[in-house]
Amino acid sequence: MTSIQIRGTGFPPVAPEIETFDGAKAPWMSGFSEAYQTFLQRQVDRDVEYVPDRILALLVASAELVQGMQVTQLEHGLETATMAERAGMDIDIVVAALCHDMGKVISTPNHSAIAAEMIKPFVSDDAYWMVKVHQDFEGIHYLGKIGVDPMVRLQHRDHPAYELAERFADEWDEKAFDPDYDMLPLEHFEPMVREVFSRRAKRPEHWKPLAAAH
Ligand SMILES: [Fe+2]
């Protein structure tokens with residue numbers, strides 16, 4: 001059981017409707033008036049306030065995921081984050097470590113990409129990349145046992161965050177399956193999760209300001 005208070009009911013936690021638009025609404029996007037589009041943007045901005053609750057809800061849900069391991073996926077994330085924090089890493093890396101496997105709540109085969117894209121607008125580029133490629137780096141510890149080249153990480157050898165990703169996989173992620181490890185509880189990380197996912201979300205890099213587009 002957790003003492004964390006998650007706003008909203010069920011999943012996903014949703015922002016309550018507090019505003020309505022009384023003007024004309026075209027039923028297709030290109031027909032939306034500027035006033036309606038501005039109204040919609042306010043609703044989106046309000047909705048983004050619920051991202052920390054949704055991330056926490058996903059993490060809580062990962063306590064149900066065991067997949068034959070000796071620890072739940074929530075415990076695995078807590079151990080990984082605890083090790084990163086004890087190694088003196090910054091908040092982005094600690095939160096990324098906590099969230100790195102939460103994509104498994106949806107689908108394990110490409111869980112790295114799922115989790116990475118969920119955290120991308122809110123964390124540093126290094127934290128995002130570390131999560132995105134962590135299956136490739138983790139491969140050295142198990143892929144050889146299922147008939148796959150375990151050195152798949154080498155394709156990333158020229159990336160500036162290569163050493164960080166190596167450290168993540170070899171010192172924390174790989175070690176975080178120990179039912180006896182004194183991991184910190186989710187309540188310890190909750191303020192960090194709320195801080196990181198309350199940041200103003202970055203837009204995709206290839207979205208240019210209107211004036212600079214052409
Ligand atoms: Fe992991």
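How do H2 and H9 run relative to each other, roughly parallel or roughly antiparallel? The axes of H2 and H9 cross at roughly 150 degrees and come within 10 Å, and the two helices are therefore roughly antiparallel. Angles over 145 degrees count as roughly antiparallel, those under 35 as roughly parallel, those from 65 to 115 as roughly perpendicular, and the rest as oblique. The axes are lines fitted to C-alpha atoms, for helices over the stretch in contact, and the angles run from 0 to 180 degrees between N-to-C directions. The crossing of H2 and H9 is right-handed; a crossing is given this name if the near helix is turned clockwise from the far one by less than a right angle, and is left-handed if anticlockwise. From H2, Pro 52, Ile 55, Leu 56 and Leu 59 make the contact, and from H9, Leu 186, Glu 190, Val 193 and Arg 194. Two residues are in contact if their C-beta atoms, placed from the backbone, lie within 7 Å. By class, this contact of H2 with H9 has 6 nonpolar, no polar and 2 charged residues. Here Ala, Val, Leu, Ile, Met, Phe, Trp, Tyr, Cys and Pro count as nonpolar, Asp, Glu, Lys and Arg as charged, and the others, Gly among them, as polar.

The model is a predicted one: local features need pLDDT of at least 70, side-chain atom pairs count only at pLDDT 80 or more, and totals for chains, interfaces and linings use all residues. Residue numbers start from 1 along each chain as its sequence is written.

The chain has 9 helices and 0 strands. Helices (H or I, at least four residues) and strands (E, at least two) are DSSP runs, numbered from the N terminus. The C-alpha atoms fill a box of roughly 60 × 45 × 35 Å along the principal axes. Of the 214 residues, 32% count as buried. A residue is buried if 20 or more other C-beta atoms lie within 10 Å of its own, exposed if 12 or fewer, and partly exposed in between, with C-beta atoms placed from the backbone. Among contacts with a separation of 6 or more, 62% are accounted for by residues 24 or more positions apart.

On the H5 side, Ser 112, Ala 113, Ala 115, Ala 116 and Ile 119 meet Tyr 128, Val 131 and Lys 132 of H6. This contact has 6 nonpolar, 1 polar and 1 charged residues.

H6 is mostly covered, with 6 of its 8 residues buried. The buried residues are Ala 127, Tyr 128, Trp 129, Met 130, Val 131 and Lys 132. Their cover includes H4 (91–99), H5, H7 (134–138) and H8 (162–172).

In soluble globular proteins, nonpolar side chains tend to be buried together. The largest nonpolar core in this model has 45 residues, of which Ala 96, Ala 97 and Ile 119 touch the most other members. Such a core is a set of buried Ala, Val, Leu, Ile, Met, Phe, Trp, Tyr and Cys residues joined through C-beta atoms within 7 Å. Two or more residues each come from H2, H3, H4, H5, H6, H8 and H9 (186–196), and H4 gives the largest share, 7 residues. Beyond its neighbours within four places in sequence, Ala 97 is in contact with Thr 80, Ala 81, Ala 84, Phe 168 and Trp 172.

Asp 173 lies in the loop between H8 and H9. Asp 173 counts as buried because it has 26 C-beta neighbours inside 10 Å. Leaving aside neighbours within four places in sequence, its contacts are Thr 80, His 100, His 134, Glu 138 and Phe 168.

Two other residues are exposed. Glu 34, in helix H1 (residues 34–48), has 7 C-beta neighbours inside 10 Å and so counts as exposed. Gln 67 sits in the loop between H2 (51–61) and H3 (73–86), and is exposed with 9 other C-beta atoms within 10 Å. Most residues other than glycine have a negative phi. Gln 67, which is not a glycine, has a positive phi of about 50 degrees.
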